[in-house]
Amino acid sequence: MKKLFLQTFGCQMNERDSEAVEGLMIGRGFQTTPSIEDADVVLYNTCSVRDHAEQKVFGRMGDFLKLREKNPRLIIGILGCMAQEHGDNFFKKNPEIDLVCGTGNLNQVPDLVESIEERRSPRLAIDRLDEEYSLEDIHHRGDAMKAYVTIMKGCDHRCTYCIVPYTRGVERSRRSESILKEIKDLDRRGFKDVMLLGQNVNSYGKGLDEPIDFAALLEKIQIHAPGISRLRFITSHPKDAHTRLFTAMRDLPMVCEHLHLPVQSGSDRVLRRMKREHTIRWYLEQIEEYRRFVPEGSLTTDLIVGFPGETEVDFLETLTLVERAEFDSAFIFTYSPRPGTPALKLDDDVTSEEKNRRLQVLLAAQKAVNLKKNQALIGKTIEVLFESRTKKGDNRYAGRTRTFKRVVAASSGGICGEFHAVRITGVADETLIGRLG
Ligand code: SAH
Ligand code: SF4
Ligand code: F3S
């Protein structure tokens, strides 16, 4: 059997795309391998969101040469966002690459690989950026309990720093019938935790010929796949986060009490320059509303420091927001200029030392908020779905609460895939420590 090594960088959407590609390749007689040395086909599903993400992939190019020397018949492919962005430049700079396949062409990967095997000539496939959803009906899953389900692709916002609209195309929602078919199948197979994926799940339904919005989709899933205990979704844009969504979160038992609502900055001036289409006042009003409807719910966010023109005052506003909004956790990034984005025209005037300083200050502030919020849970008993044994090799298992907090607890028997009531006894970094009840 031919062997496939596939490594994924970037977001959950890439994880799901990779899983689907793996499924397609298995359907063509491939078997996956965790060892790159054994592989007949090596695929990297890549991310362009920040320079750092791209450097991780560019850093592998030297390995490709060595692998090719050892196995001249090896096929090497670059998939996903970097493929979409750089196109045939990959071949020019790295002739050892055989395949460059963009985000909308992934369903063609097995055919492309076969044609390379036959003709030994490189293939470029990046012409379907705005294609409709084309990775349906792929049953292969890397996990037996948790599953990602893509409900929309692309993005119609144009945040000035962001490359995603250029690597993922315009926004397209997937037909609800197709989504439900996939989730009903997951339900039948015993999956417990489903995460719906899209760049802006709140605008789900736009452009479809059926009258449906995101809250209505959640309702349909609740009705038609009742065995799914936990339904999650990412990402929501603050502009379209409305009471209708919070009502659905309150009323539908399977929808988890967790909202990821990227704010990016605490300064209205910076938000305007980012073209985020929301103000801090609007954001605070929405999260207040969310907390009124879902009092036990958690809130997480994304933040960027050092955007062009960000002053110390702007930064302090972000710091104040972190303290005021009390995020359960936050992904905090330093601004990274991206090719082709509107912000590239702005002067990247915050020095990298200053960006890093702001990053450290904000990380420390968020860490303190996180600790305070987690400590407030000590003594409480919370439902945890256990996922894995911890790496330490003792009898400790890690799982998630409905609010997406990580919990570690000891157990003498295997508990992966099981729900347990856990009494929280302590906190270590961002993890809750607990005892099985
Ligand atoms: N669609 C999602 C975001 C996808 S990108 C949303 O709008 O919420 C994930 C995160 O990466 C963004 O929320 C942002 O915080 C960060 N990001 C995107 N482009 C960036 C850049 N050029 N530099 C630094 N961080 C960036
Ligand atoms: Fe990027 Fe903005 Fe679209 Fe999110 S909403 S993917 S940050 S352009
Ligand atoms: Fe990265 Fe593409 Fe996701 S740029 S964050 S892999 S959409």
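Predicted model: local features only at pLDDT ≥ 70, side-chain atom pairs only at ≥ 80, totals over all residues.
# Reading helix packing and ligand shells

Guide: Welcome! Helix H10, residues 243-251, packs with helix H12, residues 280-293, at an angle of about 25°, and their axes are 9 Å apart.

Visitor: How should I read that angle: is H10 roughly parallel or roughly antiparallel to H12?

Guide: The general idea is a cut-off: angles under 35 degrees count as roughly parallel. At about 25°, H10 is therefore roughly parallel to H12.

Visitor: And is the crossing of H10 and H12 left-handed or right-handed?

Guide: The crossing of these two helices, H10 and H12, is right-handed.

Visitor: Which residues make the contact?

Guide: From H10 come Thr 243, Phe 246, Thr 247, Met 249 and Arg 250, while H12 brings Gln 286, Glu 289, Tyr 290 and Phe 293. Sorted by class, the residues of this contact of H10 with H12 are four nonpolar, three polar and two charged.

Visitor: H12 also packs with H13. What are the angle and the axis separation there?

Guide: Helix H13 covers residues 312-325, and H12 packs with H13 at about 10°, with axes 12 Å apart. Try the cut-off again: under 35 degrees counts as roughly parallel, so H12 and H13 are roughly parallel to each other. The crossing of H12 and H13 is right-handed.

Visitor: Which residues of H12 and H13 meet?

Guide: On the H12 side you can find Ile 280, Leu 284, Ile 287 and Arg 291; on the H13 side, Leu 321, Arg 324 and Ala 325. The classes in this contact of H12 with H13 are five nonpolar, no polar and two charged.

Visitor: Now the ligands. How many residues surround ligand 1, and which are the closest?

Guide: To read a ligand's shell, look at the residues around it, then at individual atom pairs. Ligand 1 has 15 residues around it, and the closest are Gln 199, Thr 235, Gln 264, Asp 302 and Ser 336.

How values were computed:
Residues numbered from 1 in each chain as written. Chains lettered and ligands numbered in written order. Heavy atoms only, no water. Axes fitted to C-alpha atoms, helices over the stretch in contact; angles between N-to-C directions. Helix = DSSP H or I, 4+ residues; strand = E, 2+ residues; numbered from the N terminus. Parallel < 35°, antiparallel > 145°, perpendicular 65-115°, else oblique. Left-handed = near helix turned anticlockwise from the far one by under 90°. Contact = heavy atoms within 4.5 Å. Nonpolar A, V, L, I, M, F, W, Y, C, P; charged D, E, K, R; others polar. Near = heavy atom within 4 Å.
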